[in-house]
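Please keep the model open while reading the points.

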Amino acid sequence: MNLPDKQYFSILQWITERGLVNEKGEAFDFYDRAFLLDILCDFNPNIAVTACAQVGKSVTFSIKTLFSINDLHTNAIYTMSSDSDVSEFVSSKFNKIIQANIHEFAGMQTDNVERKELNDRFIFFKGTNSKTAAISTTADLLIHDEISRSDQNAIETYKSRIKASKYKGRWLFSNPGTERDELDLAWNKSDQKEWVITCPHCADEHYLEWPDSIDMEAKCYVCRACRQPIEDDVRRQGKWVAQGGKSKISGYHISHLMCPWITAEEVIEDSEGDPAYFNNFVLGKAYSPGDLSITKSSILDIWTPKD
C-alpha cells in the first residue's frame, strides 16, 4: 500500500499533511462547525454525542474511524439501525470518502458494503436488526451511529464484542429518541459538555438554551443574562465546558441553537410543530410525553424500522 511510514499522533495533522477531503472532494471546513473539532480529536474510549439533525456527525465519526484503523490499528464495528441504512450510508458517504482520498486508502475496496480492510485491520458495518449481527464479530471499537433508532437489545449484545480488547472503545451518537434509551443513559452518566459562549456585552458565560436564549418578538438570539443580541460569530466562538461531574464518558450535546447557519426564526417555527421532532431533531434532547411509560420494548416498537 502507498502509505507513509510516518505515524500520526494527531488526527488534524493527519488530515492536513495527507490532504484529506470530505465525501464531496472538498477540504474539511470547520468555520461554522467549530464545535466538531473537539469531538473529532477526542479518542476517549467512551463517547456519547446527543445531537440535532444535519450537523456533520456521521462524517466526523467516519473520518475518526478511518484514522483509528489507519494509525491506531484497531478493528471496528460500525452499526446503524437497519441493513438498508448501512447500505445507503456506506454507498453515499463512507465509500465516497475513500474514493476521494484514494492516495491514503489505496487497496481499500468499496464494492463490499459490509467489510472494509486496511493494513490488516477491518471495519465491519452492521444493521442492528439482523439477528446474527453481533454474534461472531470481535473488535476494539464500536461505533453506534443513530443508536437511538437502533435495536436496543442488539446494542447491549455488542458490548460483548470488545471484551478482549485493551481499548474497549464505544462511541455513541444520534439524534436522541425517548428518555432512558442507551444514548440517554450514557449522556446522563457523562460529563455533559455544552457549547458555552461569552456574551460580548456583559461577559457572562453560558450555553444557549430554549427558550431563554431567544427573543420571541425580535426573533433573534440573546444573552440569557443581559438580554442583548448574540451575533453569529459569538455562537461560532464557543467552547466545550463540562456541566456534569467527572466521568469516564465524554459527553457532548449539540443543538441547532449552536449552529450559526440556523436562525432564531427557524427555531421558533420548528417549536410550533411536533414536540418530539422539535426536541429530538432541533434541540438534540431526548423526549418522552408525560403520559408515556418507557421500557426497552416500547422504545423498540416506536423507533425500530421494520425492513
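This is a predicted model: local features need pLDDT of at least 70, side-chain atom pairs count only at pLDDT 80 or more; totals for chains, interfaces and linings use all residues.

1. The largest pocket. The space in the largest pocket amounts to about 980 Å³. Its lining is made up of 35 residues, and those closest to the centre are Gln54, Gly56, Ser58, Val59 and Lys93. Three helices each supply at least two residues of this lining: H2 (35-41), H3 (57-70) and H4 (83-100). By class, the lining of the largest pocket contains 14 nonpolar, 8 polar and 13 charged residues.

2. The packing of H3 against H4. Two of the helices that contribute to the largest pocket, H3 and H4, also pack against each other, at an angle of about 50° and with their axes 10 Å apart. H3 is therefore oblique to H4. The crossing of H3 past H4 is right-handed. On the H3 side, the contact involves Ser58, Val59, Ser62, Ile63 and Leu66, which meet Phe89, Lys93, Phe94 and Ile97 of H4. The residues of this contact comprise 6 nonpolar, 2 polar and 1 charged. Ser58, Val59 and Lys93 take part in the contact and are also among the residues closest to the centre of the largest pocket.

3. The second largest pocket. Here the space is about 380 Å³. Strand S1 (46-51), strand S6 (169-174) and helix H6 (182-189) each provide at least two residues of the lining. The most comes from H6, which gives 4 residues. In the lining of the second largest pocket, 6 residues are nonpolar, 1 is polar and 8 are charged.

4. The cavity. How many cavities of 30 Å³ or more does a search of the whole structure find? The search finds 1. The volume of the largest cavity is about 40 Å³. Glu194, Trp195, Tyr207, Leu208, His253, Ser255 and Met258 line the largest cavity. Sorted by class, these lining residues are 4 nonpolar, 2 polar and 1 charged.

5. The packing of H8 against H9. Helix H8 (residues 264-271) and helix H9 (residues 275-282) pack at an angle of about 145°, and their axes are 8 Å apart. The contact brings Val267, Asp270 and Ser271 of H8 to Tyr277, Phe278 and Val282 of H9. This contact has 4 nonpolar residues, together with 1 polar and 1 charged.

6. A cis peptide bond. Most peptide bonds are trans. The bond that joins Trp210 and Pro211, however, is cis, with omega of about -5°. Pro211 belongs to the loop between strand S8 (205-207) and strand S9 (214-215).

7. Most residues other than glycine have a negative phi.

Definitions and conventions. Residues are numbered from 1 along each chain as its sequence is written. Side-chain values use heavy atoms; hydrogens and water are left out. On a 1 Å grid over the protein atoms alone, a cavity is a set of points where a 1.4 Å probe fits but cannot get out, and a pocket is an open set with protein on both sides within 12 Å along at least five of seven lines; lining residues have an atom within 4 Å of a point. Grid points are joined across faces, edges and corners, and a volume is the space filled by probe spheres set on the points. Ala, Val, Leu, Ile, Met, Phe, Trp, Tyr, Cys and Pro count as nonpolar, Asp, Glu, Lys and Arg as charged, and the others, Gly among them, as polar. Axes are lines fitted to C-alpha atoms, for helices over the stretch in contact, and angles run from 0 to 180 degrees between N-to-C directions. Angles under 35 degrees count as roughly parallel, over 145 as roughly antiparallel, 65 to 115 as roughly perpendicular and the rest as oblique. A crossing is left-handed if the near helix is turned anticlockwise from the far one by less than a right angle, and right-handed if clockwise. Contact means heavy atoms within 4.5 Å.
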